[in-house]
Amino acid sequence: MHLFLDTETTGTGELDAVVEIGAVDAEGEERMNTLVRPLAPMSREARSTHGIDEATLEKAPRFREVARALQHHVRRADTVWAYNAGFDRRLLIQTAEMAGASAAKKALRQAEWRDLMDRATDHLGEDAWVSLAEAAERLGAGPEEGVLHRAKGDAALAWRVWKRLGAPAFSEGRERTRGNTRGQSSDLHSH
């Protein structure tokens, strides 16, 4: 099973945390769509990117409350795909650590992660990374209005990019994403 995952966060630093998780499967069906009460203060840049503010998150579940579902979906997946996978992986592991969710942290570390951003950028013949919205537009995969920079919408958009890149044959290979290779982790707009 392929899982397409995206997060929204309080920022990009080592003390930031996830505030939204969205995931769809290889059929585009929703597997996860939840806000997460922040474990770190929201940066102005993050708020202006995704539009999620502290008031919206006041009654959201804590990370520990969504960790079991996240862990379940990640463990069931043969591959976890993300657009800028190094960023999403790092922030999810960081948040799991902050929340004391060790089983989720272990599942996230052990998962087979693959990065769609590098593949889309290479496919489009660019030297510098291409944003999810630009890749989707150039590949004729979207984006749909109103879905950018929200986790579920971006996860679904990543899935559509994956399909446009030749899904089944494209899934071959065993590389793992451990971090970013294009220096994009500090850019909230890249995923």
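Author: Start with the contacts of the whole chain. Among contacts in the protein chain with a separation of 6 or more, 70% link residues 24 or more positions apart. Keep in mind that this is a predicted model. The protein chain has 191 residues, and 54% of them are buried. It exposes about 8800 Å², with carbon and sulfur atoms supplying 45% of that area. Nine helices and five strands make up its elements. Read from the N terminus, their order is β-β-β-α-α-α-β-α-α-β-α-α-α-α.

Now the sheet. It is open, has five strands and runs in the order S3-S2-S1-S4-S5. The pairing is mixed. S3 and S5 (113-115) are the edge strands, each pairing on one side only. Neighbouring strands are turned by 25° against each other on average, direction ignored.

Look closely at strand S2, residues 18-25. Eight of its eight residues are buried, so the rest of the structure largely encloses this strand. Thr7 stands opposite Ile21 in S2. Phe4 stands opposite Val24 in S2. S2 also pairs with S3 (residues 30-35), again in the antiparallel sense, over five bridges. Here Ala23 stands opposite Met32 in S3. S2 and S3 form a hairpin, with four residues between them. In that turn, Gly28 has a positive phi of about 85°.

Next, the nonpolar packing. The largest nonpolar core holds 28 residues. Ile21, Phe63, Leu70, Val74, Leu92, Leu108 and Trp113 touch the most other members. S1, S2, H3 (63-76), S4, H4 and H5 (102-110) each contribute at least two residues to this core. H4 gives the largest share, seven residues. Leu92 shows how these parts meet. Leaving out residues up to four places away in sequence, Leu92 touches Leu5, Thr7, Val18, Ile21, Phe63, Leu70, Leu108 and Trp113. A second core is separate and has 22 residues, among them Leu116, Ala136, Ala158 and Ala167.

H8 (residues 151-164) lies across S1, S2, S3 and S4. Its direction makes an angle of about 140° with S1. H6 lies across S1, S4 and S5, running at about 30° to S5.

Asp115 caps the N-terminal end of H6. One of its side-chain oxygens lies 2.7 Å from the backbone nitrogen of Met117. After H6 comes Gly125, with a positive phi near 75°.

Another positive phi deserves attention. Most residues other than glycine have a negative phi. Asn84 is not a glycine, yet its phi is positive, about 75°. Asn84 sits in the loop between S4 (79-82) and H4 (85-99). It is buried, with a relative accessible area of 0%.

Finish with Thr49, in helix H1 (residues 44-50). Is Thr49 buried or exposed? Its relative accessibility is 11%, so Thr49 counts as buried, since the cut-off for buried is under 20%. The side chain of Thr49 reaches the backbone oxygen of Glu45 at 2.9 Å. Thr9 is 40 residues away along the chain, while the two C-alpha atoms are 9.8 Å apart in space.

Methods
Residues numbered from 1 in each chain as written. Predicted model: local features only at pLDDT ≥ 70, side-chain atom pairs only at ≥ 80, totals over all residues. Heavy atoms only, no water. Polar contact = N/O pair within 3.5 Å; in protein donor to acceptor, adjacent residues only side chain to side chain. Buried < 20%, exposed > 50% of the residue type's maximum accessible area, 1.4 Å probe, protein only. Contact = heavy atoms within 4.5 Å. Areas by Shrake-Rupley, 256 points an atom, 1.4 Å probe, with all protein chains shown as cover. Pairing = 2+ DSSP bridges. Core = buried A, V, L, I, M, F, W, Y, C linked by side-chain atoms within 4.5 Å. Axes fitted to C-alpha atoms, helices over the stretch in contact; angles between N-to-C directions.
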